[in-house]
Structure formats: structure tokens, C-alpha cells
Amino acid sequence: MASQNLQDLAERWLRGIDASLPAAIELRHELHASPDLSGQEDPTSRRVLNALGDHAFEVETVAGTGRLLRLGPAGPSIGLRAELDALPLTEMTGSPFSSAASNPPAMHACGHDVHLAGLFAVLDAARDLDLPLGLVGLLQPREEVGPTGAADVVAGNHLIDHEVRALVAAHVQPQVPAGHVASDGGPVNAAVDEIEIVVSGRGGHGAYPHLAVDPVPALCRIILALQETARSTVNPLHAAVVSITQIQGAAAPNVIPGTATAAGTIRVMDETDRTLLHERLARTVTSIAEAHGCTGKYEIRRGEPALVNDQVLAGLTRNWLSEFGVPTSSFASCGSDDFATYGSQLPILMQFVGTGYPTEHSAGGPMLHDPSFLPGDHVVREVAVAMLSGWLGAASITPPSN
């Protein structure tokens, strides 16, 4: 596709985004004040559609409460995705458009309201353009819980049906400097699996431990050993995080339980590491439990794969960000996102839009999933520009239909 044609399109599209910003920010406030929990997002989908107004878009229901919107010519298209769902939190921002009074408690503490508003601005501005390729807007439900909306969209072949050649997203990120966008190729988010450890012994009275087989000490030693197991299994140059966040034993302090359990997550960037680590952890659980006269089980609920950005698409998108005067940074983390699931079908690009809070180990503003997290309205434009840059980057390598 001729670069000058794309350049002209980019300039007109950016002017349109700026013209759409007041409506986009108004939508952001509406979405933030009235959030919907995972699986219940139909009202949020309708709010976005109502804000877009006319019937310029083809609209299709996906994944139950999600929507797919298409604009432009038939044939190859490029997709932009934003998430619909909020978290079950009571907001503590004090914002005039706070959701603190919502029942049940819900809050857009992960920035999904900003992502949706940014996507709205891109879609709204595109209606007056002569697009060389199709534009698909994906309003995706259930990013925060499983079974995820992304898995349903992939299983339904919705993107294949619309000849989507690449899918782009943007996510606010407090660990990226304000005004910067991270658009790196390669792994940028980790694969995540939920694990549960069950250690079984023989219960009894806390006064007579010699008459019981106490699973609690065994479980405690297993939890401590998991960190060493991860260190000795995974290349130290590869990311690997084992987080045990739940422990349960007896319901009373004078009871030795028959069973003690722990649960948490394992996060890795490399699929081979994922397999090796699970095998090693399973052996660790069973052997330590056996040494204490107990039995141990290691159970896995596999989650998202690692999120791997397409290298070529990332590079072309950074060029467009530079064209728009947006400074770029690098960022990757052991966070996870079901956007990774789309990588099984087509090239993907997740970008991280900085909200300017300090990085780890420094005092500063709230992080994602905090009831005080509230990006400024100016971030709506930054998300929109990141999405537009991704669309233009993908258009640079996608031939239009003949």
C-alpha cells in the first residue's frame, strides 16, 4: 500500500479522533460510572453502540455479551480490540463519575473504560474516511475471568470470517512513563496457570500431635520449596513467578486437619519452561508430602498462553507512533491477558500506554486493580493514537482486496 496514501489517511484520521474526543470522554465517564461485571456486559456494549449512533457499522454479537463492529470495504481487515468488563471492587477514587454506589460493587480499575473510549474515538473518526481495508472493532467480554471472551471469539472463528489479518490492542500501564507507549515485539505478558496443592494426612487434636499425621507442616515446607524449585528449573534469564496466595487448614485452632490446601499461580514467558516447571513442582509436592507421612496432589488449571507480539507489526507501529510524536518505551511483565489467545489465529500486538506512576519499589500512585486507580481523561486520546498506529502498521503489510 503506497506510503503517501497511508500518510494522508493518517493525518485525516488523527484530526477526526481529536474531533471525537469530547464524545469519547463523555462515554468514558458514562462507562466508568456504570460498570458491568464479567459475563454481564451487555449494557456496556449497548452504551458504546448508542454513542456511535448511526448504522454505518455492521454489528454482530460475539461471546454472548460482546460485539463485533465492521466498517470499510469487504475483504481483508484489521481489528482493534477493547475489553468490556469491570472488577468486583468498591471504588475509592472520589471521582465525580465514580461507581462507588454500584450494586453489586464494580469498578473499572483496570482501565477498560479508557480502552473502550479510545476505540470509540478511532471508530467514530473512521466513518468519514475512505478506508483501503476493513476496520473491525471488537468489544470483548470476560477478560478478567474464565472462560474468557477471547477463547469464545477464537472458537467461533469470528475474526477469520471477517478476514482479519492482524489484531491490535492498547492497555493503560502505570509502570510506563506518562505519555509513552510500549510497543515491543516478542513476549510481553506471561502465560498464567492456577495451581492447587492438596496435602492429606490424618486429623486429630492439637494436644496430641503424635496421634495424628499433620499435613500443615508438610504444606508449609512445600510452599517454601516451590521458590527454590522455580529457581533451579528455569533459566535465570527467563521470567518465572510462583505465587502462593491462599492457604487453608483447620477451622479451629485446636484441631489438626486431615487435609491442608494451598493455591496460587505460576507465570512464565516460555512454553518449554511452563512444562518443565509443572513437572518439577508436581514431584516436589508429592515427595515432600511423602517424607512427612502424607500424600500430596498438585493440580493445574491452565490459563492463558504467553502474549507474544508480532515483531514486524511492532516495528511498523513504532514508526507510526514516532510519526505522531509519541515517545516509546519498552515494557514487559508477568501479568497476563487473554488477548494472548488471539495469537493462535493471527498476528497480534498489545501496546502499553503509560499513565505515569512510578515503577516497582517506589512510592507513588495506585496500580492496576487498585480501588484508587483512575487514569486521567487525556489518556483516552493516547490509547486512540496507539490503536490507530497499530492499524496503520498492519495496513502497511496487508494488501487490499483486488
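This is a predicted model: local features need pLDDT of at least 70, side-chain atom pairs count only at pLDDT 80 or more; totals for chains, interfaces and linings use all residues.
**Entry 1**

I started with C110, which comes out buried at 7% relative accessibility. I then searched the whole structure for disulfides and got 0. For C110, the nearest cysteine sulfur belongs to C334 and sits 16 Å away, and C110 is in no disulfide. I looked at C294 next. Its closest cysteine sulfur is in C220, at 12 Å, so that is too far for a bond; the cut-off is 2.5 Å between the sulfur atoms. C294 is buried too, with a relative accessible area of 6%.

**Entry 2: strand 2**

How many of the residues of strand 2 are buried? I get 6 of 6 for residues 66-71, so the strand is largely enclosed by the rest of the structure. I checked the two faces separately. On one side G66, L68 and R70 are buried, and on the other R67, L69 and L71 are, so both faces are covered.

Then I went through the partners of strand 2. Strand 1 (residues 58-62) pairs with strand 2 in the antiparallel sense over 5 bridges. Strand 4 (residues 134-140) also pairs with strand 2, antiparallel and over 5 bridges.

I moved on to an open sheet of 4 strands, in the order 10-12-8-13, with antiparallel pairing. Which strands stand at the edges? They are strand 10 (240-248) and strand 13 (295-302); each has a single partner strand, so one side of each is left without a neighbour in the sheet.

I took a look at the pairing of strand 10 with strand 12 (residues 259-268), which is antiparallel over 8 bridges. Within this pair, V241 stands opposite R267 of strand 12.

**Entry 3: helices on that sheet**

I checked what lies against these strands. Helix 6 (residues 215-233) lies across strand 8 (191-200), strand 10 and strand 12, and runs at about 150° to strand 8. Helix 7 (residues 271-291) packs on the sheet as well, where I find it touching strand 8, strand 10, strand 12 and strand 13. The direction of helix 7 makes about 155° with that of strand 13.

Notes. Residues are numbered from 1 along each chain as its sequence is written. Side-chain values use heavy atoms; hydrogens and water are left out. Two strands pair if DSSP finds at least two bridges between them. Helices (H or I, at least four residues) and strands (E, at least two) are DSSP runs, numbered from the N terminus. Contact means heavy atoms within 4.5 Å. Axes are lines fitted to C-alpha atoms, for helices over the stretch in contact, and angles run from 0 to 180 degrees between N-to-C directions. Buried means under 20% relative accessible area, exposed over 50%, partly exposed in between (1.4 Å probe, protein chains only).
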